[in-house]
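Good morning. I will go through one structure, starting with a pocket and ending with a ligand.

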Amino acid sequence: MKNVTASEMNQQMAYSEQVKHLVTAGDKTPKALVITYGCQQNENDSERIRGMLKQMGYDFTEEKEEADLILYNTCAVREGAEQRVLGNVGALVHEKRRRPNLLIGICGCMMQQEHMAKTIKQKYKHVSFVFGTHTLHKFPQILWTALNEEKTVISVEDSEGVIAEDVPVYREGSPKAWVSVMYGCNNFCTYCIVPYVRGRERSRQPENVLAEVRELVQKGVTEITLLGQNVNAYGKDLPEDIDFADLLSQINQVEGLKRIRFMTSHPKDMSQKLIDTMAACHKVMPQLHLPFQAGSDRILKEMNRRYTQTQYLDLVARVKKAMPGISMTTDIIVGFPNETKEDFEETIKVLEAVRFDSVFSFIYSKRQGTPAAIMEDSISNEEKHANFDRLLEVQNRISREINDSCFGKTFELLVEGESKTDENMLTGRTPEGKIVNFPKEDGISVGDYIHVTVTKTNTWSLLGEICRD
Ligand code: 5AD
Ligand code: SF4
């Protein structure tokens with residue numbers, strides 16, 4: 001049974017009521033701070049955590065000193081993110097000493113690893129509770145136990161994963177929202193921890209996805225991003241005959257919805273049907289995130305990616321043919337075990353051939369328990385870093401050239417909010433997903449669709465002015 005049963009959800013509801021009764025007994029509303037690391041899937045999980053917290057009577061704060069509960073939703077994809085969480089949690093020991101009633105929790109992918117949960121229990125005794133990815137829906141029960149017990153509550157279940165519909169979601173009032181279509185991953189790329197901490201691929205029922213999209217539209221959302229580790233595998237595990245392209249077509253028909261994006265696609269599973277569907281569905285934005293990870297066929301094989309450079313480039317050519325002008329983004333790992341200078345040159349070759357709008361590049365990070373962690377590696381850190389710097393240099397030039405070619409062009413923008421760097425500016429995205437900042441003006445607010453002409457270009461963003469023609 002993949003779906004969490006109604007009786008289990010009712011049980012959690014009862015815990016939720018009990019927690020609410022307890023924490024709202026005083027005259028002050030308790031405050032929670034949820035800190036999220038990692039990918040959009042984690043952001044989406046944090047929205048569920050906030051939904052449950054709200055139901056349990058909590059308000060939210062951004063200040064640690066003000067919080068009655070601090071929860072870290074963690075990422076395990078690279079070591080750096082794990083070290084930061086451990087550092088931040090470690091530093092909270094003084095705050096906990098000052099305020100013994102402060103609750104500190106850690107959840108998410110990092111905690112789903114057995115050795116990590118153990119480390120927390122042994123070395124971070126000021127942490128009140130820990131839970132993994134498979135017990136997210138049991139948060140009310142976990143919190144209730146933590147409120148009533150002195151020792152650290154650990155809820156990490158070894159599981160292939162479940163789907164918990166009906167967990168309340170708390171989203172910031174934004175015109176954009178994420179919607180998960182599936183969870184987990186079956187691909188076992190040899191460097192990646194995700195299949196171990198997120199469980200097997202499991203798709204939500206199409207009617208549940210559609211209901212969520214419709215509800216969001218009713219609340220004023222006009223752009224949604226469909227999420228999954230590998231959305232191209234959608235439907236494979238469902239009894240009905242449906243794939244991701246079919247789901248996209250159905251969502252494209254939702255009235256009031258204007259923009260659809262999705263991530264992530266695995267090149268080995270991206271079908272011509274999906275390409276044709278993207279091209280045919282006018283709400284699906286001209287943007288595709290298609291990680292290639294490495295250019296060398298030998299490294300791709302070692303990574304268990306199950307495509308070659310030629311196959312990847314052929315796929316990109318078909319995508320570009322169906323959707324000329326589409327914006328492409330990708331993920332790249334530099335410094336996989338024994339990636340030589342010659343191997344790395346193949347990655348640069350792909351960059352030059354595809355000309356991605358932007359690239360998310362990472363230095364390989366060894367993950368305990370993955371096949372790559374025990375692979376021999378004779379490449380020095382200096383060489384890896386030199387390759388990484390070269391990759392950035394090449395890609396920055398390409399991103400800059402693509403952005404420069406936007407000069408003088410007019411784009412439709414969804415206004416998303418105030419610019420992060422200038423309070424006199426608003427910011428929005430083009431259909432291709434490019435950020436454009438423009439001066440604030442009366443009558444223009446978040447959620448509006450407007451036209452903007454690009455007046456200045458940078459490597460990472462564009463500057464524009466409102467176009468009234
Ligand atoms: N080291 C470095 N990068 C990694 N990624 C996944 N696992 C690792 C790792 N062990 C990157 C991949 C993936 C992105 C989300 O994170 O590029 O697409
Ligand atoms: Fe990790 Fe590969 Fe699955 Fe992506 S497809 S989550 S890189 S195992």
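Let me start with a definition: Ala, Val, Leu, Ile, Met, Phe, Trp, Tyr, Cys and Pro count as nonpolar, Asp, Glu, Lys and Arg as charged, and the others, Gly among them, as polar. By that scheme, the lining of the second largest pocket divides into ten nonpolar, six polar and seven charged residues.

This is a predicted model, where local features need pLDDT of at least 70 and side-chain atom pairs pLDDT 80 or more, while totals for chains, interfaces and linings use all residues. Residues are numbered from 1 along each chain as its sequence is written, chains are lettered from A and ligands numbered from 1 in written order, and side-chain values use heavy atoms, with hydrogens and water left out.

A pocket, on a 1 Å grid over the protein atoms alone, is an open set of points where a 1.4 Å probe fits, with protein on both sides within 12 Å along at least five of seven lines; lining residues have an atom within 4 Å of a point. Here 23 residues line the second largest pocket, and Pro100, Asn101, Leu102, Leu103 and Leu147 lie nearest its centre. Which element gives the largest share of that lining? It is α6, with three residues.

Now the ligand. The shell around ligand 1 holds six nonpolar, two polar and three charged residues. For polar contacts (pairs of N or O atoms within 3.5 Å), an oxygen atom of ligand 1 is 2.9 Å from a side-chain N or O atom of arginine 78. For glutamine 293, the side-chain N or O atom is 2.7 Å from an oxygen atom of ligand 1. Serine 365 instead uses a backbone N or O atom, 2.8 Å from a nitrogen atom of ligand 1.

Conventions: A polar contact is a pair of N or O atoms within 3.5 Å; within protein, one must be able to donate a hydrogen and the other to accept it, and residues adjacent in sequence count only if both atoms are side-chain atoms. Helices (H or I, at least four residues) and strands (E, at least two) are DSSP runs, numbered from the N terminus.
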